[in-house]
Amino acid sequence: MDDQGSHLMHAYARQSVYFSRGQGIRLWDTHGREYLDAISGVAVTNLGHSHPEITAAIADQAGRLMHTSNMFGIEWQDSLGSRLCAISGMRRAFFCNSGAEANETALKLARLHATRRKVAQPVVLVMENSFHGRTLATLAATGNPSVHRGFEPLMPGFMRAPYADIDAVMELASQCSNIVAVLVESVQGEGGVRIAPIAYMQALRDLCTANDWLFMVDEVQTGFGRTGAWFGYQHAGVLPDVITLAKGLGNGFPIGACLARGAAADLFSPGHHGSTFGGNPMACRIGCTVVDVMERDRVPQHAKAMGQRFEGALRQGLGGCDGVVAIRAFGLMVGIEMNRPCGELVAYALEHEALLISVTRGQTIRLLPALICTEEEIDEIAARLSRLVWQWSRRCAKLGMRETA
């Protein structure tokens, strides 16, 4: 699809499909063709499309009150803040509209922490291969040079370390006395579904405590059951100082949040930060409904079980496929690394298998199916994906043989 012929800025490489409705993990395009959605709007519709309770909450709240200014109390915001702090171990919440805004909030907390410590040129330690957003600050925090191009000079105040390498972090710490925070993903989703080892997260927590750094964890993609727990860091048994959330919190409605505990929870005072739409009654009621459904239906536990089934089905279906380098899985967050760039598979999957997938970092297929998938739906996604990858790998092998000849 080419946005150049429309009145839309050419910011996306879109597929030539328009969807008109969805139900559960299924979507239908404007021609009536049915698809299996294995990316959930990039880890957003964790409870599936058109969830009846979320739909009812939206309809009811729209008839009552959608928006008021944050100059006044908002009951649904109070409720959601309390619910999120209870399940995360945090103490206070700030609401915004996206993951990038949540990470901006965390970075501002890091700057205030630096001010309290009287650090004049503060540095936030971030990781190579990371992704934290596309605003100017989160772009600078992101460890992907391809998204930096054209936006230099990048905002200063960031230092990068290889992901999952605690020795590299300690070496940088010995060289720089201005580090005030670490910002890390429990799983690098955009970075190819790379999972932080438990020992690494524990060591980062210990290092932050020892040096009075804020330990900030980006849970925008991994939060709300995606990894088989409410949040990815919980697998390591650690408690961050700051976490950032979005995506699955609204199941499709825009909402983000930055949660903090300890001294970090008290850094903001009136005038330090704000958001016109952040935490409005509609967004927060939807967030409360999402948490209600996830708690009642034990969605994180279900995601863990379905993730194990999904990984097993993919390993069986793709066993022996020469094109597959590695399968990485954490709950219902799966990356299949191929031996060559495979971006064309997104369109190929739509056309030949009626399946929505994504490709990240050039050659990793990323799968993020809704957390409410049944066993049958998981098996069907695995079957379609395995068939797709085998066909593509064989075609690539034949083309490679011809080129060699």
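Which residues of the largest nonpolar core touch the most other members?

## The cores

This is a predicted model, and its largest nonpolar core has 86 residues. The ones that touch the most other members are Leu84, Val184, Ile336, Ile357, Ile365, Leu367 and Leu385. As for who supplies the most to this core, that's helix α9 (residues 281–296), with nine residues.

Leaving aside residues up to four places away in sequence, Leu385 touches Leu314, Leu318, Ile336, Leu355, Ile357, Ile365 and Leu367. There's also a second, separate core of 22 residues, and Val119, Ala137, Leu183 and Leu214 are among them.

## The seven-stranded sheet

Seven strands make up an open sheet with mixed pairing, in the order β4-β12-β11-β10-β7-β5-β6. At the edges sit β4 (92–96) and β6 (158–161); each has a single partner strand, so one side of each has no neighbour in the sheet. On average, neighbouring strands here are turned by 20 degrees against each other, direction ignored.

Inside this sheet, β10 (residues 214–218) and β11 (residues 242–245) run parallel and are joined by three bridges.

## The four-stranded sheet

Another open sheet, again with mixed pairing, has four strands in the order β1-β2-β3-β15. Its edge strands, β1 (19–23) and β15 (355–356), each pair on one side only. Strands β2 (residues 26–29) and β3 (residues 34–37) run antiparallel, joined by three bridges, and Leu27 stands opposite Tyr35 in β3.

Conventions
Residues numbered from 1 in each chain as written. Predicted model: local features only at pLDDT ≥ 70, side-chain atom pairs only at ≥ 80, totals over all residues. Heavy atoms only, no water. Core = buried A, V, L, I, M, F, W, Y, C linked by side-chain atoms within 4.5 Å. Buried < 20%, exposed > 50% of the residue type's maximum accessible area, 1.4 Å probe, protein only. Helix = DSSP H or I, 4+ residues; strand = E, 2+ residues; numbered from the N terminus. Contact = heavy atoms within 4.5 Å. Pairing = 2+ DSSP bridges. Axes fitted to C-alpha atoms, helices over the stretch in contact; angles between N-to-C directions.
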